[in-house]
Amino acid sequence: MNVLAVGCHPDDLEIACGGTLAKYVDQGADVYMCHVANGNMGHVEILPEPLANLRAVESESAGEVLGVKKVFNLDIGDILVNRFDYEAVDALADIVRFVKPDVIITHNDMDYMQDHIETSRLAFNSSFIATLAHKSVQYAAFNEFVPIYFMDTLAGVDFIPTHYVDVTKQIDRKLKALECHESQIKWMLEHDGIDFLDMVRTCSRYRGYQCGVAYAEGYRPCTVYPRMTTKQLLP
Ligand SMILES: [Zn+2]
């Protein structure tokens, strides 16, 4: 099984679906992460260029902790993610063609900031465009309408999951992957007054309460033609 997770900033996937990705890996799947924005605005002191470089390194380390095959980086500056950025659409379509995913996980189509919402649309559009033979960039078309699951919003606001993944066995790895994003632990404390690791653990625990396990992550499927499936694609 091949899994492609498309997040906005380096750390978003770890926050919302890190346990699920680790669980896929544990079950023998080939998991690929892609972050669309480079996170270059996410710090008070570190300037955008060195910050983008630092965050790329942090996300590589987090990917190693989770055990994924590769971490792709579209390297788009923060607040510039745009569903009509056709260079980004083509680049992501090529990643879809390379990975040939059985399932795509991405942001919910409504979340707390615009780059997350645009990333969700980019993943949706790119995985459609990846099927088009005459829109080939690097790899040949991948003629599958890949089912998409939307992951939880930040802090679970305005998101009622229809599907839950038990990540009790993976919660420590999820948090260890998050710890790799050292710059963000500092940033979230200074910019948002949040203990990042505590927030993520609490949200996973809260989703766990809802489905009767210690820790869980919640999802909703993208319900448009022909993305629906009879297959059980979440681990
Ligand atoms: Zn983000």
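Tutor: Helices (H or I, at least four residues) and strands (E, at least two) are DSSP runs, numbered from the N terminus. The model is predicted, so local features need pLDDT of at least 70 and side-chain atom pairs pLDDT 80 or more, while totals for chains, interfaces and linings use all residues. Residues are numbered from 1 along each chain as its sequence is written, and side-chain values use heavy atoms, with hydrogens and water left out.

Start with helix 6, residues 182-192. Glu190 and Lys186 both sit in it, four residues apart, or about one turn of the helix. Their side chains form a salt bridge (a side-chain nitrogen of Lys or Arg within 4 Å of a carboxyl oxygen of Asp or Glu). The closest N and O atoms are 2.8 Å apart. Salt bridges that share partners join Glu45, Lys186 and Glu190 into one network.

Arg83 is partly exposed at 24%. Glu118 is buried at 6%.

Another salt bridge joins Asp90 and Lys135, at 3.0 Å from N to O. Asp90 is in helix 3 and Lys135 is in the loop between helix 4 and strand 5, so to speak distant parts of the chain, 45 residues apart. Asp90 is buried at 18%. Lys135 is partly exposed at 33%.

Helix 3 itself has 14 residues. Among the buried ones are Ala88, Leu92, Ile95 and Val99.

The loop that holds Lys135 runs between helix 4 and strand 5. Leu132 is placed in that loop too, between helix 4 (114-129) and strand 5 (148-151). Leu132 is partly exposed at 35%. With Phe128 and Phe145, Leu132 forms a nonpolar surface patch of about 240 Å² accessible area together. Patch residues have over 30% relative accessible area and no salt bridge; like charges are joined within 9 Å, nonpolar side chains (Val, Leu, Ile, Met, Phe, Trp, Tyr) within 5 Å. Areas come from the Shrake-Rupley method with a 1.4 Å probe, and for residues only the protein chains shown count as cover.

The zinc ion is coordinated by His9 (ND1), Asp12 (OD), Asp12 (OD) and His116 (NE2), at 2.0 to 2.5 Å. Donors are N, O and S atoms within 2.8 Å of the metal (3.2 Å for Na, K and Ca); water is not among the atoms, so sites may look incomplete. His9 lies in the loop between strand 1 (2-7) and helix 1 (12-26) and His116 in helix 4, so the pair ties together parts 107 residues apart. Both histidines are covered: His9 is buried at 9%, and His116 is buried at 1%.

Conventions:
Buried < 20%, exposed > 50% of the residue type's maximum accessible area, 1.4 Å probe, protein only. Expected span 1.5 Å × (residues − 1).
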